[in-house]
Every structure is written in structure tokens, then in C-alpha cells.
Amino acid sequence: MKMKVTLLAGDGIGPEVTREAKQVLESVGQLNGHSFEFVEMPIGGVAIRQHGSPLPAQTLEAALDSDAVLLGAVGGNEFNSLPADKRPEAGLLQLRQALGGYANLRPSVAYSALSDTSPLRPEVTDGADILFVRELLGGLYFAHPRSWDREGGVGLNTMRYTRDEVVRVARIAFHLAQKRRKKVTSVDKANVLEVSQLWRSTVTEVAAQYPDVALDHQYVDACAMHLMNTPRNFDVVLTENLFGDILSDEAAVITGSLGMLPSATIGGKVNLYEPVHGSAPDIAGTGKANPLGAILTAAMLLRHSANLEQDAVAVETAVGRVLARGLRTADLARTRGLNQQIVTTREMGRAVFEELNEIIDRRQALHAV
Ligand code: NAD
């Protein structure tokens, strides 16, 4: 199998973490006889410096012409005074829209080796493994009318969904739940909002096509509380754009660090894979960036674009093993407990790479027997 991946490293720690993710994909490719061809293009601040635009035409063209896009992060303090549509972040928003993905997948997994980095108690987080499926192209962030009447003192946004928009993202959530623990929690505010009543009735309708998946509905305010009290009770959480934005950030607490979180946006012309964190200018160039979010993002690419589930699991297992060995980038450092070794971005990437090679070697040896 041959895959063309457009690599958009971007700004700040983007190039540092995507370098490690790329190494993992290359390693999977070499060990398994797949081939990942990387086309590296500028986006964000680096693209503004080189081409005067945060999303140059040739970058967009390459992205649209590939099998998957792997992105680092964009943004930097030197661009903060530019108008919003000229800033590095505008390039990413334009890219997301052009690729057309409407389902944003954000896993939130509590690695047992990191139970002491989360502010929640280990007995609450241990074993938690949640997949958020957030609708990404509709709702309050995109619908019209929207306005800010400064003189009149009125701001307006609209939460609007069509039945078709709900059906397509719900199908993805149920489909993914079938491969997991077969439970979907749909989150809305149907006790107050008509748009949520449409959401709830449409999701219920879609659920009928997936009799092997259990569906429950929660109001968003109650869900925010249950996520912290009983995160283990959740499998797939399906929700609209704004609720998903807020709840997935809240659930990030169970993982212990922003640097651990991967994401994928699927359903459009080309899938987009990016760690959840930003360009972290405060630590760029110091070797402190945690590359695990980007490496776990590469695992999502293997799962959702390359259809290499076994290799995706191998990458996730390798990450679990390096954490269990006590390796920590600075963001994961514990204030108590002794069994830890603080490592750089490169050292962490290398450790995952070595574990991964061992896992795949062993798997191949078993197959050969
Ligand atoms: P950020 O995610 O870059 O950083 C927030 C905090 O988390 C910082 O203290 C940072 O050091 C830390 N952090 C982030 N990723 C880390 C990692 N992998 N390892 C260790 N520590 C990590 O968010 P911010 O500071 O609000 O934004 C910085 C810039 O990034 C801004 O220009 C912002 O617009 C941009 N941004 C981009 C994206 C994206 O490209 N998807 C997302 C969020 C923010």
C-alpha cells in the first residue's frame, strides 16, 4: 500500500513534534512493507514569511491531492497584531473548511502510568477511554445570522442544524462505537433548545440502524459533571460543535497534559490529523515539547486513513510502554513519586520508535511460526 501524506509542520513546536510522528509512520511503513510518501509544505506563520499567506495555494493544492494531511500547529506571538483573517490560525481554518471534514474525533484516554499527573484521583480516571465525535462544520460557529451591533449593544449567533448534518455525523459515531465498547452518549440541551430536539430525535432515528450499539442521551450540563465524576462510564460521546469543543477540553483533564491529545477530522475530501495543542511558543526550541499527542495522531492516521488497525494499536501500545517505563517530558513530570526520567522531545520519540519496532518485530516473528 502506498499513501501520500501532506506534512504541514507549521510553527513553534509543530516541526519538533511532527518529526517524531513522521518517524513513527516511516517505521510502520518499513516494517510492514507499506510506503508513506511525505510532501512537506508550509502553513501558518512560516507560510506568511515565505509566501505572504497563511495558506498558500500550493499548500492547499498538495493537501487536496493527498491521501491524508498531518499537521503540527500554527501560530506565533509575532503575528498577534495582524487582523484575524491574516494570522497563521486563519490558514488552518481555511484548510479545515477546504478539506470538508465534519466529524472531529478526539480520544481522551487515561494511561494508567500517568494517573498521578491528572488532578483527578486515579480511582476515578483509571481505565477511562472516551472518544468524542464532535460535529465540526455546523452549529453556532458557522450558522447565520451572526452579528455584533456595537451601537445597539446586541451580539447574535445562531445554533442551526439540518437533519442531514446530524445524520452524517451520528453515523460516524455509531460506526466507531461498533468497533469499541458499543455505547454512544449523545449530548444536547433538548430541555431548552429546539435545535437540540432535532438533534435528539435524529440521533434516535439513526440509532435504530445500529441495534448492537446502546444509546443514551445526556444534557450538556449534566454531562460536564458526569465526565469528571464517572469518566469510565463513557465510550463514544456524540455532540454538536460548541458542546464538543468545551466537553473534549474538559475531558482532557483525565489524560494529564494537553501534549498527550491527538485528533482526526474525517468525513470530508481528505482526512486531517493534528495534535490538539497549539504551537506552544513558550517552549519552542527547548526540547521540552511532548511529542506523544502527535505520535498518537499518527496512530489515528493509521487507523482511519491507512486502515492499519493493528499498527495503530502497536503505536498506542508503544506509547503506553514508554510511559510505564517512567519516561516523561517536562509537562508530564510528577511532583511526587521517584520512578521517572525526564526526557527531551527527541528522546521520547526515539523511545516510542524502539518500542514500536520491538512490538512489530515480535508480531512478525509470531506470524512466521
Ligand atoms: P498551546 O497549546 O500552544 O499551549 C498551551 C500551554 O500548553 C503552553 O504552556 C504550552 O507550553 C503547553 N503545551 C502545549 N503543547 C505542548 C506539548 N506538546 N508539550 C508540552 N507542553 C505543551 O496554546 P496557546 O499558548 O494558547 O497558543 C499558542 C499559539 O498556538 C497561539 O498562536 C494559538 O493561536 C496557537 N494555537 C494553534 C492551534 C493549532 O494549530 N491547532 C491550537 C491552539 C492554539
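Q: Against which elements do the buried residues of helix 12 pack?

A: In this predicted model, the buried residues of helix 12 pack against helix 1 (14-32), helix 10 (292-304), helix 11 (309-324) and strand 13 (327-328).

Q: Which residues of helix 12 are buried?

A: An α-helix has 3.6 residues a turn, so residues three or four places apart point the same way. In helix 12 the buried residues are Thr345, Met348, Gly349, Ala351, Val352, Phe353, Glu355, Leu356, Ile359, Ile360 and Arg363.

Q: What span does helix 12 reach, and what is expected?

A: Helix 12 covers residues 345-368, which is 24 residues. From first C-alpha to last it reaches 35 Å, close to the 34 Å expected at 1.5 Å a residue.

Q: At what angle do helix 1 and helix 10 cross?

A: The axes of helix 1 and helix 10 cross at roughly 40° and come within 8 Å. That angle makes helix 1 oblique to helix 10. The crossing of these two helices is right-handed.

Q: Which residues make the contact between helix 1 and helix 10?

A: Helix 1 contributes Val17, Glu20, Ala21, Val24, Leu25 and Val28, while helix 10 contributes Ala294, Ile295, Ala298, Leu301 and Leu302. Sorted by class, the contact of helix 1 with helix 10 has ten nonpolar residues, no polar ones and one charged residue.

Q: How are helix 8 and helix 9 placed: roughly parallel or roughly antiparallel?

A: The angle between them decides the matter, since angles under 35 degrees count as roughly parallel. Helix 8 (residues 220-229) packs with helix 9 (residues 241-251) at about 15°, their axes being 10 Å apart. Helix 8 and helix 9 are therefore roughly parallel to each other. Helix 8 passes helix 9 in a right-handed crossing.

Q: Which residues of helix 8 and helix 9 meet?

A: From helix 8, Val220, Cys223, Ala224, Leu227 and Met228 meet Phe243, Leu247, Glu250 and Ala251 of helix 9. By class, the contact of helix 8 with helix 9 holds eight nonpolar residues, no polar ones and one charged residue.

Q: Where does Ile283 lie?

A: Ile283 is located in the loop between strand 12 (271-273) and helix 10. With a relative accessible area of 23%, Ile283 is partly exposed, because buried would require under 20%.

Q: With which residues is Ile283 in contact, leaving aside its neighbours within four places in sequence?

A: With those neighbours set aside, Ile283 is in contact with Ile13, Lys288 and Ala289. As for Ser53, 230 residues apart from Ile283 along the chain, the two C-alpha atoms are separated by 25 Å.

Terms used: Residues numbered from 1 in each chain as written. Predicted model: local features only at pLDDT ≥ 70, side-chain atom pairs only at ≥ 80, totals over all residues. Heavy atoms only, no water. Helix = DSSP H or I, 4+ residues; strand = E, 2+ residues; numbered from the N terminus. Expected span 1.5 Å × (residues − 1). Buried < 20%, exposed > 50% of the residue type's maximum accessible area, 1.4 Å probe, protein only. Contact = heavy atoms within 4.5 Å. Axes fitted to C-alpha atoms, helices over the stretch in contact; angles between N-to-C directions. Parallel < 35°, antiparallel > 145°, perpendicular 65-115°, else oblique. Left-handed = near helix turned anticlockwise from the far one by under 90°. Nonpolar A, V, L, I, M, F, W, Y, C, P; charged D, E, K, R; others polar.
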